[in-house]
2 protein chains.
Amino acid sequence: MENKTPVTLKFLAEKLKMSVSTVSKALNNYPTINEYTKKRVQEMARDLRFTPNKSAINLKERKSRIIGIILPNLLDQYFTRSIAGVEQFAMQFGYNVIISQSHDEFEKEKQLADMLLKSRVDGLIIAISKETQDFNHLYQFEHMGIPVVYYARNPSFNLNCHKVLGNNFQGAYLATQFLIQRKHQKIAYLGGPKMINFTHDRFNGYINALKDNGVSFNTELVAYTDFNKENTIKAIQNLFSHPENLPTALVAFKEPILFDAIKYLKSINHPNFSQIECIGFGNNAFISYLDTPPVASVEENPESVGENAIKLLLQLINKEIELDHYQKIMVDCKLVVH
Amino acid sequence: MENKTPVTLKFLAEKLKMSVSTVSKALNNYPTINEYTKKRVQEMARDLRFTPNKSAINLKERKSRIIGIILPNLLDQYFTRSIAGVEQFAMQFGYNVIISQSHDEFEKEKQLADMLLKSRVDGLIIAISKETQDFNHLYQFEHMGIPVVYYARNPSFNLNCHKVLGNNFQGAYLATQFLIQRKHQKIAYLGGPKMINFTHDRFNGYINALKDNGVSFNTELVAYTDFNKENTIKAIQNLFSHPENLPTALVAFKEPILFDAIKYLKSINHPNFSQIECIGFGNNAFISYLDTPPVASVEENPESVGENAIKLLLQLINKEIELDHYQKIMVDCKLVVH
DNA sequence: CAAAATATTTCAAACGTTTGAAATATAACG
DNA sequence: CGTTATATTTCAAACGTTTGAAATATTTTG
């Protein structure tokens, strides 16, 4: 039960009456070490449950074998799903992952970044908070030669950086087109916080789908909200306040927000409620429990986004890709009809 | 952009033409160091963005300042909510947290435990997988003097270990009593996988509430399922198959499962559907979107469970509590009426 | 059997930090 | 001004591992 002397190379060496280097090389299977010696060392190591001290190795190798992830929160299934992709791949290559939540706050994000920098992570994967405008806390990493991959959320200015993003344009295009094919002419677009860049990409996808299919665009059919329910209701009230432009369909930037919208329309007994068809981004597992589910969902494939992010990061860490040879990877969306 | 010589104590010392130890002590605010020297060192450290190498410190201190968490998955809000409590507290004390998912598989859990052991975590918090019967992979930690706190899920045998658990008995009692107060006499209990220990605690809470309130117990009102939808439907069919014991209320072990049940009852147009009142464990954020939500939820306070787990673990790490002085902490549930 | 070739083991320095003991500088005192 | 007291800085070892170079042991060869 007690942990007396920790089992180190030195300890093994003393037991076996040989030098530390022999033990080390035997365990690392050096060809210059005698087979019989190797066997003796390896057996002893196993019996005494020797585990190499990672801190020592990391110090020697000047690496931490830790990858940091900063994301807005873990309650959003998009992010938890994206982690699955990252984790599995990282572990396979001997990396540990430290996950931390910024709660979509800039200050918290800065604090986490500093913490991870101090922990000397070998790389960082980040979905920036919705407040993040200043990137100094992240430039620090590159300054120290630590690669950073921005994922899921696109930094708002045209930052030179490595990105892995969902193809928001394509996703919104798909959704809009689908609704047009179902004979809708008054399709509303409910966008998210303007601070979050993908809002615009999605808007463009929406616009382009309208144009390509000869449906006229009307600003009265566009409104914006954020993650706040009251604001969503206001936006919906606004969308449905123009009698000659009443929406018959709706594309919403995020599913839980869409659910708020649907709930509200239902609660006010909107006359044409049953005819209104909605699509939101997310494909939330919870949809199957709704009485009036959206007609379809834009599946963003977050696992794939995460997987691409970690793969890119590992390539950067291993210098298979130059740090300043900025990559941009887009992951396509898929329409899931319910 | 390039990372030439890394900024180390040695580097600072050379720049400042003083010894490494002076620099180290100045940064650590030793009283023996001259104030003016301290100022010079600290300024230089700031300007050159010196960050102490954690691996070196950890090696010296024989700690990793990393806490491992193993939990079944991140899609269950119970677990993601519990992490919030852990993370914040850990960070406050300078610890990093490595989160990993067992996907409720024993083999995966074993693999993760080995990985964390190799990473020399200073402590482990674990919610065991539903398959875990053998605990050798976890005993290893104690064998090396690394504290382990079992949380959320109770090991199935009467293991000597540190535990932080939700008070499942009390939660189920509360739910059952609430339904009795609402004049229900035929209250069904839908339990979870029998492998997961809390199923029984909840059953006991249910039974005791019935007894204490003079409601007779009937085995026909009890059924078990797991996380599989088909099995839930079978269980519900079973519960509603005894004409002289038709449930008018239902206590379910987990909310998403309860939603499956509700959905099924609604889909078959159960004649008394609107009168049936349900309560599940969880208090899921999505409840507000349901057309026919449960009458109430058992709020398990996972944040508090997580917070208690990390607090206990830190006490064990700091040897404020003896490793073999086993603690058991119960976190009460709360009934939330919708 | 000595010399050369090869196999195997050990030495020693390095990674970056901390810290008690020793050394040196500065101030205070009679 | 020589001592003693105090303030400040430096030395040196340690944490546990890796690895090229050096040392030693063993085998082969003429």
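Which backbone atom lies 3.0 Å from a phosphate oxygen of DNA strand D? In this predicted model, it is a polar backbone atom of Ser19(B). The legends below present this contact and others in close-up.

**View 1. Polar contacts of the protein with DNA strand D.** Ser19(B) approaches a phosphate oxygen of DNA strand D through a polar backbone atom, at 3.0 Å. Ser24(A) reaches a phosphate oxygen of DNA strand D with a polar side-chain atom, at a distance of 2.9 Å. Lys60(A) is placed at a base: an N or O atom in the side chain of Lys60(A) is 3.0 Å from a base oxygen of DNA strand D.

**View 2. The protein surface near DNA strand D.** DNA strand D is surrounded by 27 residues, and the closest are Leu9(A), Lys25(A), Thr22(B), Lys25(B) and Thr37(B). Sugar or phosphate accounts for 61% of the atoms of DNA strand D within 4 Å of the protein, and bases for the rest. Helices α2 and α4 of chain A and α2 and α4 of chain B each contribute at least two residues to this surface. The most, four residues, comes from α2(A). Sorted by class, the surface comprises 11 nonpolar, 11 polar and five charged residues.

View 3. Of the atoms of DNA strand C that come within 4 Å of the protein, 61% belong to sugar and phosphate. At least two residues of the surface are supplied by each of α2 (20–27) and α4 (54–61) of chain A and α2 (20–27) and α4 (54–61) of chain B. The largest share, four residues, is that of α2(B). The surface has 11 nonpolar, 12 polar and five charged residues.

**View 4. Phosphate contacts of DNA strand C.** For Asn28(B), the distance from a polar side-chain atom to a phosphate oxygen is 3.3 Å. Asn53(B) takes part through its backbone, where a polar atom is 3.1 Å from a phosphate oxygen.

**View 5. Packing of helices α10 and α11 in chain B.** Helix α10 (residues 229–239) and helix α11 (residues 255–267) pack at an angle of about 60 degrees, with their axes 9 Å apart; the two helices are therefore oblique to each other. Their crossing is right-handed. Among the contact residues are Ile233(B) and Ile236(B) of α10(B) and Ala261(B) and Tyr264(B) of α11(B). The contact divides into six nonpolar, two polar and three charged residues.

Notes
Residues are numbered from 1 along each chain as its sequence is written. Chains are lettered from A and ligands numbered from 1 in the order in which they are written. This is a predicted model: local features need pLDDT of at least 70, side-chain atom pairs count only at pLDDT 80 or more; totals for chains, interfaces and linings use all residues. Side-chain values use heavy atoms; hydrogens and water are left out. A residue is near a molecule or strand if one of its heavy atoms lies within 4 Å of it. A polar contact is a pair of N or O atoms within 3.5 Å; within protein, one must be able to donate a hydrogen and the other to accept it, and residues adjacent in sequence count only if both atoms are side-chain atoms. Ala, Val, Leu, Ile, Met, Phe, Trp, Tyr, Cys and Pro count as nonpolar, Asp, Glu, Lys and Arg as charged, and the others, Gly among them, as polar. Axes are lines fitted to C-alpha atoms, for helices over the stretch in contact, and angles run from 0 to 180 degrees between N-to-C directions. Angles under 35 degrees count as roughly parallel, over 145 as roughly antiparallel, 65 to 115 as roughly perpendicular and the rest as oblique. A crossing is left-handed if the near helix is turned anticlockwise from the far one by less than a right angle, and right-handed if clockwise. Contact means heavy atoms within 4.5 Å.
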